[in-house]
Number of protein chains: 2
Amino acid sequence: MSTYVHDFLDGNRDAADLLGGKGANLAEMTRLGLPVPPGFTITTDACRVYLKTGAAPVELMREVEDHLRGVEARMDRRLGDPGHPLLLSVRSGGRFSMPGMMDTVLDIGLNDRTVEGLATISGDARFAWDSYRRLIQMFGHTVFDIPGAAFDEVFTAAGAEDLDADALRGVVAAYKEIFHRHTGREFPQAPHEQVHLAVLAVFRSWNSERARVYRRQEHIPDDLGTAVNVMAMVFGNRGPDSGTGVAFTRDPATGRRGAYGDYLPNAQGEDVVAGVRNTVPLEALKDLQPACYEQLAANMDALEEHYRDLCDIEFTIERGRLWMLQTRVGKRTPEAAFVIAAQLCDEGLIDLDEALRRVSGAQLAHLMFPAFDPAATPEPLATGVAASPGAAVGAIVFDSAAAAAATEPVILVRRETNPDDLPGMIAAVGVLTGRGGKTSHAAVVARGMGRPCVCGAEDLDIDPDAGTLTAHGTVLHTGDVISIDGTTGEIYPGRVPVRPSALMRHLGEATGESDDPVIAAVDRLLAHADRVARLGVHANADTPEDAALARRLRATGVGLCRTEHMFLGERRPLIERLILAGDDDAEREAALAALLPLQRADFAGILAAMDGLPVTIRLLDPPLHEFLPALDELSARVARAEALGTDPGRDALLLAAVRRLHEQNPMLGLRGVRLGLVVPGLYAMQVEAIARAAAACRRAGGDPRPEIMVPLVGDVRELAAVRREAEAVIARVEGAPAILLGTMIEVPRAALLAGEIAEQARFFSFGTNDLTQMGWGFSRDDVEGAFFGRYLELGVFTTSPFETIDERGIGRLIRIAVDEGRRSRPDLVVGVCGEHGGDPASVRFFHDAGLDHVSCSPYRVPIARLEAGRAVVLGVAAGSDSR
Amino acid sequence: MSTYVHDFLDGNRDAADLLGGKGANLAEMTRLGLPVPPGFTITTDACRVYLKTGAAPVELMREVEDHLRGVEARMDRRLGDPGHPLLLSVRSGGRFSMPGMMDTVLDIGLNDRTVEGLATISGDARFAWDSYRRLIQMFGHTVFDIPGAAFDEVFTAAGAEDLDADALRGVVAAYKEIFHRHTGREFPQAPHEQVHLAVLAVFRSWNSERARVYRRQEHIPDDLGTAVNVMAMVFGNRGPDSGTGVAFTRDPATGRRGAYGDYLPNAQGEDVVAGVRNTVPLEALKDLQPACYEQLAANMDALEEHYRDLCDIEFTIERGRLWMLQTRVGKRTPEAAFVIAAQLCDEGLIDLDEALRRVSGAQLAHLMFPAFDPAATPEPLATGVAASPGAAVGAIVFDSAAAAAATEPVILVRRETNPDDLPGMIAAVGVLTGRGGKTSHAAVVARGMGRPCVCGAEDLDIDPDAGTLTAHGTVLHTGDVISIDGTTGEIYPGRVPVRPSALMRHLGEATGESDDPVIAAVDRLLAHADRVARLGVHANADTPEDAALARRLRATGVGLCRTEHMFLGERRPLIERLILAGDDDAEREAALAALLPLQRADFAGILAAMDGLPVTIRLLDPPLHEFLPALDELSARVARAEALGTDPGRDALLLAAVRRLHEQNPMLGLRGVRLGLVVPGLYAMQVEAIARAAAACRRAGGDPRPEIMVPLVGDVRELAAVRREAEAVIARVEGAPAILLGTMIEVPRAALLAGEIAEQARFFSFGTNDLTQMGWGFSRDDVEGAFFGRYLELGVFTTSPFETIDERGIGRLIRIAVDEGRRSRPDLVVGVCGEHGGDPASVRFFHDAGLDHVSCSPYRVPIARLEAGRAVVLGVAAGSDSR
């Protein structure tokens with residue numbers, strides 16, 4: 001029977017599409033016999049009808065009434081009955097967790113009559129009136145958009161936490177006034193109307209601004225809708241034998257087994273999540289309420305066994321009785337993710353494929369983040385809760401808008417965060433709050449995003465209006481740099497030097513087995529990824545040192561060796577000479593002849609370090625003026641000299657050259673293969689250096705495998721011209737091995753004509769950075785500061801297309817090129833050497849698009865290896881993210 | 001029976017693919033009973049076998065021998081028979097005319113014995129030895145690549161033209177020496193070997209450098225191959241009753257009916273083509289050889305009737321007997337093309353559809369070229385032959401390489417041109433030669449390319465080595481500017497002011513019917529084009545004046561009104577104020593408020609001029625810093641002031657703003673829709689101005705049809721955001737008409753995601769300039785000078801992709817966008833407003849791709865109208881050029 005309402009007794013965890021994650025898990029816990037308050041779930045179908053038509057399905061409220069009667073029967077209380085009032089919570093709960101993003105209304109069922117009844121049966125008038133106060137505020141805010149501040153003012157003025165029942169009765173009267181003033185109507189006294197309006201408000205909250213921003217950030221589709229869970233209220237604020245808490249079956253920070261969490265005595269759940277009062281560790285419950293603790297621990301074991309994963313739990317104890325209010329597979333730090341996945345394998349609960357599915361390249365990247373150098377770390381300014389690991393250094397900003405607009409790295413500093421701070425948290429490199437624990441909004445969201453976060457730093461006096469942060473007499477201002485360590489909770493003034501991660505050191509030095517459980521787990525899962533992966537992982541390396549490092553990190557070759565980096569430093573005068581030569585053939589040839597032995601030595605070193613593995617060398621790519629000083633700088637220098645009557649000397653010569661080479665849009669100018677075709681002898685010199693280096697390697701008994709890559713090709717005839725010249729040069733070098741010639745695909749036209757280009761190319765390598773710049777029509781250097789913040793806000797991007805490949809736009813060009821290139825040359829080797837090659841989310845796309853390898857910076861090789869393995873075990877189509 | 005050789009008696013003009021144009025037409029003339037020397041054609045099939053395998057088909061030479069016996073029989077002479085020697089010409093002849101691009105060998109059959117026989121039977125020893133001399137030189141050059149100069153030196157040293165038979169006998173001996181020295185073998189005495197080697201040399205000449213360059217320029221496929229025509233020699237150099245000439249059935253310059261051409265008494269055909277001696281007009285033949293003239297005139301009438309078009313003819317008179325050596329449909333000036341097409345309609349030979357096929361937008365463009373202003377024209381320096389009409393002004397260059405490398409307009413000045421000059425002629429704006437007539441190489445090639453050309457200017461002393469051009473005592477040097485008039489043949493020192501064409505004046509002023517036959521013919525064919533065309537032709541217009549002109553030129557709307565042009569001039573301080581406002585909301589709003597009434601007035605004027613027709617207004621597109629002075633200029637000014645201790649004043653303020661807005665690649669920066677989304681209120685102000693202007697027009701009784709176009713969209717969400725804002729603004733303006741909102745498609749990604757973007761767009765307009773820049777990854781401003789010359793040389797381009805749409809690359813993006821946009825919104829209106837919209841070759845592509853309209857500058861509207869009609873009557877797939 002199609003129905004919009006399912007009792008917790010009916011569902012199970014596989015029905016999350018329909019019941020949302022929270023509803024499905026409540027049903028699952030009910031099925032397992034755990035103590036869940038009676039209740040039911042309104043399906044996401046009902047929400048979708050509402051979002052589409054603007055009205056709930058006609059049969060919905062009838063079904064809700066039917067199920068309410070069931071809850072009343074099981075609780076032996078009735079909605080609106082002053083003698084035995086039933087109170088309800090109404091909570092959102094979508095398919096994917098969106099912590100704090102949508103709305104909740106608690107204490108539904110209270111009105112002027114039932115509040116008296118509640119006071120009587122609970123024997124606690126203060127509790128009853130405080131609950132009624134909470135209902136009016138939450139209902140007013142959620143259903144009628146009354147600003148929370150309007151209520152907070154009255155509450156604070158009255159004395160807040162320490163009010164007695166009579167005072168709270170006054171607050172309720174004032175709240176009802178506020179409600180009437182803002183809505184033009186009285187606070188609804190009919191409990192069924194309260195339920196009805198709250199359900200619709202939860203539906204609407206799916207499309208709130210903050211929920212939409214969060215979904216974009218987390219790639220959650222906009223059309224899922226939310227389910228609504230209606231549950232009998234239980235109270236953690238009924239005195240010292242009551243309380244509420246959040247618990248994890250393993251430590252979400254380290255993966256350590258055992259119960260872990262926060263408990264807040266005599267409080268409601270929202271007090272914990274909002275972080276407005278500080279919690280005690282879960283262990284404290286063992287002394288406070290031993291029986292409840294034991295029952296909770298047993299329930300947690302049952303859940304972990306059942307879910308075969310770390311679970312997090314919300315619970316409430318009402319007068320010594322434990323109630324399970326929520327569970328789900330818990331978020332965790334990257335360290336914990338690896339450790340837990342390995343442990344679960346050891347425990348026989350999952351196999352290695354499943355373990356690999358449960359970790360991600362993004363998590364591994366996080367472990368490879370640098371941390372502060374302990375030797376150079378000053379006295380901390382203060383210490384807070386280590387809420388999301390990693391080290392971050394940035395300028396202080398006190399509001400989310402400033403963070404989103406900043407062009408320099410910033411640390412968002414807030415008393416506490418709320419969902420409105422999301423854009424700022426996305427933009428900041430780290431988050432620091434003065435209040436709240438590890439389960440506060442700031443902590444949960446920052447961990448999800450991998451942003452370092454320190455919260456609950458109570459020693460800090462944070463004053464956003466004054467733009468100051470004060471700690472123990474030290475005053476810092478907006479724009480001052482601070483450093484925060486999300487792994488230790490420490491906060492430092494100024495810029496603290498950073499050191500590489502232990503894992504990185506382990507991998508980079510290839511030190512063998514490690515006792516560190518995190519490193520051991522990573523090693524184990526990386527080894528499994530290597531076993532199953534189809535994609536090879538090359539590294540981008542321009543020096544023998546980088547190549548050697550890449551090899552230790554198990555790169556399968558060098559996918560991009562940039563020759564322009566060999567023209568810098570002390571060799572700059574040589575390239576200046578080449579540029580100043582202009583049309584003077586003899587001078588140009590002399591400059592090239594001087595560069596040849598240097599390039600040959602460069603290549604020989606890299607080929608030796610990568611002996612037996614392919615080394616793809618890109619011929620010179622950047623415009624020549626990049627090797628000269630900037631035009632405005634030279635103009636000013638020469639103008640100054642002229643004004644003062646002094647001789648501008650070489651500056652005048654350089655200025656003339658820079659003017660001659662000046663381009664309005666150097667990205668779209670004389671660079672890449674164009675340079676090779678226009679500057680006689682340049683590419684020939686580089687090809688000769690490669691061939692000679694390879695010949696020397698072979699004579700020394702090595703197995704050099706150089707490949708030559710031509711940049712910025714847009715037409716097959718460009719490539720053919722370079723190839724003719726290169727083949728002639730190579731043929732003249734005695735003892736040179738066979739050298740494959742291929743091309744970058746980084747100009748959109750090259751992707752569109754890949755079939756033809758493949759006739760002249762043995763391999764393709766996508767330059768996804770240029771392809772993104774030209775395909776979107778914006779250059780990374782120019783636009784990130786100028787409008788990316790605004791575009792994230794508008795949802796044009798969910799992440800920068802320079803970070804994660806834009807699958808539908810740029811990705812379509814890649815798929816066209818792979819398909820048509822291979823059709824024309826079935827043994828075409830296809831890779832990617834743009835920065836996306838090391839981006840976890842992009843690696844999966846490249847696997848799916850059929851590439852042979854990715855190439856990335858050496859430090860990202862392990863991340864790409866992990867994702868290359870995951871792409872296989874996930875076995876999913878590109879774009880469908882595992883969440 | 002499949003065969004590689006066809007006698008002239010067997011073929012006809014429809015077999016041009018197999019026999020080449022020349023061979024097919026020789027067969028056709030033979031079939032018509034005209035006096036063609038006996039001969040046969042070796043097919044292009046045979047050439048293709050040779051080009052592919054490096055050897056002629058085995059049966060070829062046997063077939064050639066068979067046919068030679070037929071020729072011998074018909075001529076009653078035999079190859080190598082000293083008593084009755086048969087001489088042959090061996091000439092190339094492909095499917096498409098490639099004048100002078102491939103090789104020819106004449107006088108084959110002469111050797112040490114037959115030369116004596118020829119002397120005896122002709123009674124003219126001088127003629128016989130001169131022919132032998134010619135054979136050795138031509139054969140040596142063509143078959144063995146011996147430089148012509150090697151022979152010329154000897155010939156000049158001996159006294160050249162005035163040599164008697166004995167002296168020529170000495171020259172022959174010296175030539176044989178040269179031949180031996182260069183080839184290591186004796187000049188072949190066996191006539192059959194001469195034939196064999198000459199045929200293979202013609203095959204090879206298909207792939208000569210100059211032939212390949214020409215084919216790229218003319219878009220002739222490389223795999224066609226050439227046919228070879230072997231024909232009995234007839235001689236125009238047998239005395240005063242002999243001669244050779246070129247004739248046209250109508251004047252190829254004006255279209256005037258009647259025989260027209262050049263005649264050169266006592267000469268061989270190559271003397272005319274090379275322009276080494278000056279010709280007499282064809283009319284002179286009437287007195288010199290009345291019978292021949294009459295026969296020629298009758299033949300020409302027959303040919304024109306038969307071909308229903310202007311024919312050109314090569315003929316030779318040998319001792320009073322007329323021989324027809326070649327005919328083809330003749331090249332003509334653009335004026336003549338229109339006049340002839342209209343005349344042939346009047347004569348009932350063709351219909352209007354066919355007439356439209358016979359003219360082109362490129363020819364019409366030529367007629368709309370400006371000419372020199374007669375009032376301001378100085379005394380000419382000299383006068384030559386008016387060989388290709390139009391006016392050109394440029395710097396003198398004396399060699400082809402310099403012309404190809406030039407970045408400024410140049411005039412290529414040569415004593416005479418040869419096929420090696422082709423790259424220089426492509427690059428130059430005009431061509432000037434000292435020798436040769438209207439049928440010289442320079443004239444034929446320049447007319448084909450539409451380059452103004454003056455040739456045979458005998459008063460000029462052209463000295464390329466000295467880099468000087470001297471006339472009547474005036475000495476001009478390399479780099480000096482001259483002006484040439486290809487319509488009158490006049491040459492002027494310096495820069496002569498230019499006036500618009502009479503046709504342009506007629507069309508632009510819409511003056512009604514004209515007596516001028518060219519203008520009348522254009523009017524008639526344009527009217528027919530308008531009747532049959534499916535593509536509409538809009539104009540790009542930024543002012544009411546341009547819009548009114550476009551309307552007179554029969555534009556069907558304004559396809560692009562650029563609002564940035566309204567921010568210049570005296571309004572610049574307002575936009576500077578907007579920029580300097582930065583984040584100061586009040587100041588920015590004040591600046592926008594000041595711009596609003598000005599923009600409203602701009603739009604009102606254009607809407608009034610285009611009343612009843614669509615006016616597509618593009619919201620602000622260029623980066624804001626384009627409205628400020630250049631960074632290097634400001635840097636230098638401020639540095640100078642600082643060095644001198646003076647106050648830089650406003651410059652310092654502007655410098656700060658320019659630095660803030662500075663972009664490495666402004667083309668890929670903060671512009672277009674990005675600007676609209678980042679600068680609050682900017683687009684809203686423009687939309688409001690449009691809506692208010694339209695409302696005012698309607699109140700005044702008009703029918704304004706504004707459309708709003710958003711530039712640089714890459715993602716549907718950008719467009720959706722602008723649309724939401726625009727619709728809200730329009731809704732607030734009382735009396736505004738419905739205003740369609742659409743988008744430019746100019747970012748490659750937009751083309752790839754057009755299906756989605758069409759959901760938010762009522763129309764698309766391709767910005768092919770940006771699409772080309774981003775698709776190819778080069779900016780027009782930066783690269784044209786830097787490497788386009790080199791790319792034309794390499795054949796990467798045949799024409800600049802900014803001039804004619806790159807159909808396979810950028811065109812593919814266009815086809816994707818049209819198809820997927822229409823799939824998503826079937827009534828989507830699709831146009832193009834990039835500069836390609838007025839390019840004749842591109843219009844056909846846009847028609848074929850299914851666009852609704854093109855938009856181009858007002859002056860190109862008639863060209864686009866003509867091509868829009870031709871696209872229908874040609875009924876061809878895009879890309880297959882009519883030649």
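Is Asp770(A) buried or exposed? Asp770(A) counts as buried because its relative accessibility is 8%, where buried means under 20% relative accessible area, exposed over 50% and partly exposed in between (1.4 Å probe, protein chains only).

This is a predicted model, in which local features need pLDDT of at least 70 and side-chain atom pairs count only at pLDDT 80 or more, while totals for chains, interfaces and linings use all residues. Residues are numbered from 1 along each chain as its sequence is written, chains are lettered from A and ligands numbered from 1 in the order in which they are written, and side-chain values use heavy atoms, with hydrogens and water left out.

Asp770(A) is part of helix H31 of chain A; helices (H or I, at least four residues) and strands (E, at least two) are DSSP runs, numbered from the N terminus. Apart from neighbours within four places in sequence, Asp770(A) is in contact with Met667(A), Arg671(A), Glu746(A) and Gly775(A), contact being heavy atoms within 4.5 Å. Gly767(A) lies in the loop between strand E29 (763-766) and H31 of chain A. With a relative accessible area of 4%, Gly767(A) is buried. With neighbours within four places in sequence again left out, Gly767(A) is in contact with Met744(A), Ile745(A), Glu746(A) and Gly834(A). The unreviewed UniProt entry gives the feature "binding site" at several positions, among them Glu746(A), Gly767(A) and Asp770(A); UniProt positions are given in the numbering used here, feature names are shortened, and annotations may be inferred rather than shown by experiment.

The next topic is the interface of the two chains. The contact takes 55 residues from chain A and 55 residues from chain B. Together the chains bury about 5,000 Å², of which 57% is on carbon and sulfur atoms; buried area is the accessible area (1.4 Å probe) that two parts lose on being put together, summed over both. On the chain A side, Leu668(A), Arg749(A) and Arg808(A) lose the most area to chain B, together 13% of what that side buries.

Across this interface the rule finds 6 salt bridges, each a side-chain nitrogen of Lys or Arg within 4 Å of a carboxyl oxygen of Asp or Glu. Arg749(A) forms a salt bridge with Asp806(B), and their closest N and O atoms are 2.5 Å apart. The elements that give two or more residues to the side of chain A that touches chain B include helix H24 (631-644), helix H29 (748-752) and helix H31 (768-776). H24(A) gives the largest share of that side, 8 residues.
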